Amino acid sequence: MEGLVKGLLNVALGNDENERDNQDRDERSRSSWAQVVTGEQEDDGVNSDSRTGYNRQDERYGRNEESRPHMMPQKPSQNMQASPQGYQRNEDERRDNVNQSCWNQKEGEGNSEGWETVQKKPTKRHQQVKMDSWNNYKKPLDEQDYSNEVEYGVDMEPSEEELSDLSKACNKLWELDLNRLVPGKDYQIECGEGKKVYNKDDMAEGCLFSWLNDDVFNKPSYSRFCSLLDNYNPNQGVKENVTPEEKREQTAFIEEISRTAPIKYLHKYLSLKGIISGDYEEFKRMLTRLWFDLYSRGGTSASSSAFEHVFVGEIKERGEKEVSGFHNWLQFYLEEAKGNVDYQGYIFPRRRGEIPDSETQLLTIQFEWNGVLKSVSSSLIGVSPEFEVAIYTLCYFVGGEENHVEIGPYPVNIRCYRLGDSIGSAFPVAEC
């Protein structure tokens with residue numbers, strides 16, 4: 001009888017002790033989870049609802065590898081602020097595995113209770129763009145340094161076949177683009193998931209550009225081109241104020257690209273067709289007028305130009321806001337690096353099976369710029385500024401509104417629209 005009573009007491013005491021243990025564990029669990037969901041352990045200001053429990057660290061970005069499925073870099077949350085200074089100058093910094101990453105993540109940390117702190121939302125790593133030389137482009141033209149002239153050769157002499165076939169001439173420009181970048185060597189893109197044009201869902205978890213080699217901005221035509229991109233007000237219908245320094249930047253850019261093979265071929269082609277004179281200095285002045293002279297768009301005089309619309313992009317303010325123009329990959333890269341562009345996926349190609357990948361250099365995509373949607377936009381990725389100026393100028397003078405040509409491996413429709421005597425818009429459309 002005494003043993004029975006003792007046993008019952010032990011059971012009762014054991015149950016009470018177990019219950020207290022369970023309560024302690026529940027309390028600790030709730031405490032740990034509360035720290036996670038309330039962000040008490042955070043120091044980067046990222047909302048808790050944008051976090052995931054993903055713990056894998058990809059070796060490509062210099063992190064530990066765990067047995068979890070690979071995931072693309074995540075985008076920053078809406079309330080993360082882009083750097084107000086845009087691009088940071090750092091002459092000595094070189095690319096490494098971390099710099100190649102579009103994102104910079106912090107590793108999750110465990111706690112004493114066996115809980116793993118949920119990963120912080122990754123923040124975007126800003127590209128170190130070398131801008132120190134850009135002020136030199138505003139100097140008087142006779143005080144600036146330019147690249148050496150590319151000498152005329154047989155390959156820059158248009159053949160009779162090229163003179164009679166615009167497609168062959170455009171393909172020749174592709175072959176002459178010696179400054180075109182190589183995917184995987186000079187840059188890396190992640191296309192994400194595809195979508196239809198009418199689909200407004202964000203199908204890309206990360207940036208379009210994973211990294212871009214620092215050396216790209218040492219190329220003179222690339223550097224001069226990039227220095228022009230911040231000279232414009234993106235709002236359509238706002239009158240542009242072009243300073244004398246910006247005028248010099250424009251002329252210096254044309255001078256720089258006029259020393260390259262694509263522009264020399266363009267001059268030879270147009271002069272042999274009798275469209276322009278053989279005077280190379282007059283040809284350069286013509287290019288400056290064609291691409292940089294201001295004209296009216298959106299009801300306001302001197303509010304736009306071919307360069308601004310095609311390469312920089314504009315935001316229509318009347319009616320529903322939308323992005324127009326903006327067909328240049330360098331502008332896309334730099335705006336994405338500043339957090340102004342949100343890549344939302346590629347548009348499904350017309351031909352099944354032709355899915356873009358990291359090697360693709362003709363992309364049709366959807367994105368937002370400063371919060372305004374560009375539902376469909378086509379761009380040539382990795383081509384040089386001189387190539388784009390040359391091919392669009394060639395189609396303006398020799399072609400029509402639609403120009404079905406082949407450039408390298410891509411069948412493409414170069415659409416070129418006139419606005420009076422100027423280029424109103426020009427861009428590629430993939431034909432497959």
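Trainee: Let's start with Cys226. Is Cys226 buried or exposed in this model?

Mentor: Keep in mind that this is a predicted model. Residues under 20% relative accessible area count as buried. Cys226 has 2% relative accessibility, so Cys226 is buried.

Trainee: Which cysteine has the closest sulfur to that of Cys395, and how many disulfides turn up in the whole structure?

Mentor: Cys395 is buried too, because its relative accessibility is 1%. Its closest cysteine sulfur is 4.3 Å away, in Cys170, and that is too far for a bond. A disulfide would need the two sulfurs within 2.5 Å. So the closest partner is Cys170, and the count of disulfides over the whole structure is 0.

Trainee: Which residue caps the N-terminal end of α4?

Mentor: Look at the backbone nitrogen of Ser167. A side-chain oxygen lies 2.9 Å from that nitrogen, and the capping residue it belongs to is Asp165.

Trainee: Where does pLDDT stay under 50?

Mentor: The chain averages a pLDDT of 77, with 68% of the residues scoring at least 70. Where pLDDT is low, the predicted coordinates should not be read in detail. The model does have 92 contacts beyond four places in sequence for one such stretch and 127 for another. Those stretches are residues 16-74 and residues 76-124.

Definitions and conventions: Residues are numbered from 1 along each chain as its sequence is written. This is a predicted model: local features need pLDDT of at least 70, side-chain atom pairs count only at pLDDT 80 or more; totals for chains, interfaces and linings use all residues. Side-chain values use heavy atoms; hydrogens and water are left out. pLDDT is the predictor's confidence in each residue, from 0 to 100. Contact means heavy atoms within 4.5 Å. Buried means under 20% relative accessible area, exposed over 50%, partly exposed in between (1.4 Å probe, protein chains only). A polar contact is a pair of N or O atoms within 3.5 Å; within protein, one must be able to donate a hydrogen and the other to accept it, and residues adjacent in sequence count only if both atoms are side-chain atoms. Helices (H or I, at least four residues) and strands (E, at least two) are DSSP runs, numbered from the N terminus.
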